[in-house]
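Please examine the sequence and the structure before reading on.

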Amino acid sequence: MSAEPTRRIVLLRHAKAEWSDDSDHERPLAERGRKDSPVAGRRLATAGIIPDLALCSTSVRTRETWKLAVHELPQRPRTVYEDRLYEASLGELIALISETSDEVADLLLVGHNPGMHALADALAGEAEGDLLPRLNRSGFPTASIAVLTFAGSWKSVEHGVGRLVAFWPPHE
């Protein structure tokens, strides 16, 4: 009997956005967001995390964050711009993850709070060291990355299934 494959879920919250009179969906990155996005990409590259698939919210700030971060990776993963990531609830995020093909080993989501924080917290049944308290104290700032691992199919993703193995706020 073969062991269940280990999979990785990488959560990237969009970088700092401008406040504007435009709709929330159309808010662009602020100058700090344009500086923090490549840093997030470099962190992924340095850690050897090159997702097989990236699902990115369709908002302007998430698309800009991903465009700047992905340039730091040695290869560009397949990217799908997903409307359902914008303003997604925890349940909607888990449902979206469960639709992922089992051919994907590493999945990256580029999204928004409170969803990214809620998802990381909900999936993390275990965590290395003090990562979970750090994640919860920080509130998952803009341009932060959380990395979780779990064994099994994407369809088996549920509360507590994962292990939080990395949490990188942008200015730490």
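**A loop residue and a helix contact**

Thr142 lies in the loop between α5 (131–138) and β6 (145–151); helices (H or I, at least four residues) and strands (E, at least two) are DSSP runs, numbered from the N terminus. The model is predicted, so local features need pLDDT of at least 70 and side-chain atom pairs count only at pLDDT 80 or more, while totals for chains, interfaces and linings use all residues. Residues are numbered from 1 along each chain as its sequence is written, and side-chain values use heavy atoms, with hydrogens and water left out.

Thr142 is buried, its relative accessible area being 11% (buried means under 20%, exposed over 50%, partly exposed in between, with a 1.4 Å probe and protein chains only). Leaving aside residues up to four places away in sequence, Thr142 touches Arg13, His14, Ala15, Lys16, Arg32 and Pro170, contact meaning heavy atoms within 4.5 Å. Of these, Lys16 is 126 residues from Thr142 in sequence, yet their C-alpha atoms are 5.5 Å apart in space.

Burial also marks helix α3 (residues 90–98), where Leu93, Ile94, Leu96 and Ile97 are buried. These residues lie on the same side of α3, because they cover an arc of only 160 degrees around the axis, taken from the directions from the helix axis to the C-beta atoms. The buried residues of α3 pack against β1 (6–13), β2 (53–57), β3 (78–82), β4 (106–111) and α4 (115–123).
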